[in-house]
2 protein chains.
Amino acid sequence: MDVVTDPVRMQELALEGRRRGEKSALVPTMGFLHEGHLSLVRLAKERAENVVLSSFVNPAQFGPQEDLDRYPRSVERDLELCEQEGVSVVFMPEAGTMYAEDASVKIEENALSRGLCGGSRPVHFSGVLTVVAKLFLLAQPDLAIFGEKDAQQLRLIRRMVRDLNFPIEIVPGPIVREADGLAMSSRNSNLSVEERAQAIVLRRSLLAVEKAVAKGERRVEILRDIVTQHLAEAPLGQLDYLSFVDDETLAPIEDLGDQPALAALAVQFPNARLIDNLTLDF
Amino acid sequence: MDVVTDPVRMQELALEGRRRGEKSALVPTMGFLHEGHLSLVRLAKERAENVVLSSFVNPAQFGPQEDLDRYPRSVERDLELCEQEGVSVVFMPEAGTMYAEDASVKIEENALSRGLCGGSRPVHFSGVLTVVAKLFLLAQPDLAIFGEKDAQQLRLIRRMVRDLNFPIEIVPGPIVREADGLAMSSRNSNLSVEERAQAIVLRRSLLAVEKAVAKGERRVEILRDIVTQHLAEAPLGQLDYLSFVDDETLAPIEDLGDQPALAALAVQFPNARLIDNLTLDF
């Protein structure tokens, strides 16, 4: 396993692999790896001979009031896990080598990025798209794996790939959950014991929505109420947003119809902001 | 010579060439080829075995009041010239195949793009960067050639390549001029006979600036006056901007110093807006 910190070296390795005709898959992460990330690595390994895992806590996707400084890190453990999983290259650049001091080029998206997390985190997705484009150009993958937990991010990446013509297949990886249903996230480690216990309401409320929809409920107002009732059981959490949107365009929907819908929510706990989502397909 | 209109086919061809280890150069144009473009093709041929010339009048880089509808076209002649010059692939997509109806991803630059042409053409450079990124990803070149006439564009493309990590070398091509000094431009063909005669003031005024600087003049105010005096000889032309800027950062400069400076101007004639520039190196 190669551990590469220099972006120039990463790109050289990637272009050499390309010239040898090897297929490669990229798994972009911010490190502090958990089973969710490892499931993405396994998906990557099924599809490509070379798996590049990037581990980069990207400052550009954190707003000034956000948790960049408190984002958890575990470099040694991450490297062990990557080795065990058969990752070919771990790319862990320093922020100073990824962005020039006078960097001035950004990728912006003006439709899918407006609501959901984009509403509460205005610079977030431009930071995500810009760094992902950079990672794509540095690692030159044939495919890239993104977790479905970050539902809006996944759709934005697909949109960028389509609109800028990246020759890269985007492969979604299903959400991996703790035994009690909480979606795995590096940020879970920042929760207090009490917060952790209450964090289960994200999943529980979405399951209740799924159940109501299975019984025929289509009114978003009613589904909203169901979520709100569950969230009352987590007094430490404050609802950031709860959205029912078209699964592809992320446009808000009034009532569920024939099109697949995405139910997504974010809850701010004192020590971490958590997200979860559910696709409602008919 | 292949003539390709489908972006998907262009990318397939490019990726096949990559897999065969062939070196390729891209010459992006908006068609209506002249000696300036052909000089770029010749530069490309010196450096790469495959030369892709793209010919695409990109709607996204024209503002609503600009000359998209009047931009000159000459497809048959362009193809003949490309054939004569030994171009490998001419890529001429339709706008409808380059942009999805709901396209929502753009590349933005917020430093070099502010002044000069960016000042008078606010959406122009975002349109340029976005389409050039798309052309880079479709044609997958090892190098790309851009003319020095579009001085700000050249610097912006270099900045984008640096900031997004495109593995592409940007090669500048010197300005090619008519016998009387007018910089070649497809838009020259839209000038009336009278305008064409007056258009020579762009080059003449810059040559006068160069002469004054050679004699020791460093005051931008004096150099400005020299240009203004020359422009008085072209009553049909209206000065859009005249800028003395740092050659790399494009930051305005008060008086010439030790750093290379760029003198650039745009003049609006009734039938075409013309630009020219000069690097002042010490």
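This is a predicted model: local features need pLDDT of at least 70, side-chain atom pairs count only at pLDDT 80 or more; totals for chains, interfaces and linings use all residues.

Residues are numbered from 1 along each chain as its sequence is written, while chains are lettered from A and ligands numbered from 1 in the order in which they are written.

Start with the two chains.

How many residues of chain A are in contact with chain B? There are 30, and they touch 30 residues of chain B, where contact means that C-beta atoms, placed from the backbone, lie within 7 Å. The copies meet through the same surface, because 100% of the interface residues of chain A are also interface residues in chain B. On chain A's side, the elements giving two or more residues are helix H1 (7-19), strand E5 (105-109), helix H6 (124-139) and helix H7 (151-164). Helices (H or I, at least four residues) and strands (E, at least two) are DSSP runs, numbered from the N terminus. That side of chain A splits into 15 nonpolar, 5 polar and 10 charged residues; here Ala, Val, Leu, Ile, Met, Phe, Trp, Tyr, Cys and Pro count as nonpolar, Asp, Glu, Lys and Arg as charged, and the others, Gly among them, as polar.

One bridge to look up is A:Lys106 with B:Glu108.

Now stay within chain A, which is divided into domain 1 (2-173) and domain 2 (186-280), with bounds from an automatic or database domain assignment. Their C-alpha centres lie 26 Å apart. Across the boundary, 15 residues of domain 1 are in contact with 14 of domain 2. Helix H5 (116-120) and H7 of chain A each give two or more residues to domain 1's side, and H5(A) supplies the largest share, 4 residues.

Further along chain A, three strands form an open antiparallel sheet in the order E8-E9-E10. Strands E8 (238-246) and E10 (273-280) are the edges, each pairing on one side only. E8(A) is joined to E9(A) (261-268) by 8 bridges, and A:Ser243 stands opposite A:Ala264. Helix H10 (220-231) of chain A packs on this sheet, touching E8 and E9.

Finally, hop over to chain B and strand E6 (143-147). Is this strand largely buried or exposed? E6(B) is largely enclosed by the rest of the structure, because 4 of its 5 residues are buried (20 or more other C-beta atoms within 10 Å of a residue's own; 12 or fewer is exposed, in between is partly exposed, with C-beta atoms placed from the backbone). Strand E2 (24-29) of chain B pairs parallel with E6(B) over 2 bridges, and B:Leu26 stands opposite B:Ala144. E6(B) also runs parallel to strand E7 (169-173) of chain B, joined by 5 bridges, with B:Phe146 partnering B:Pro172.

Terms used. Two residues are in contact if their C-beta atoms, placed from the backbone, lie within 7 Å. Two strands pair if DSSP finds at least two bridges between them. Axes are lines fitted to C-alpha atoms, for helices over the stretch in contact, and angles run from 0 to 180 degrees between N-to-C directions.
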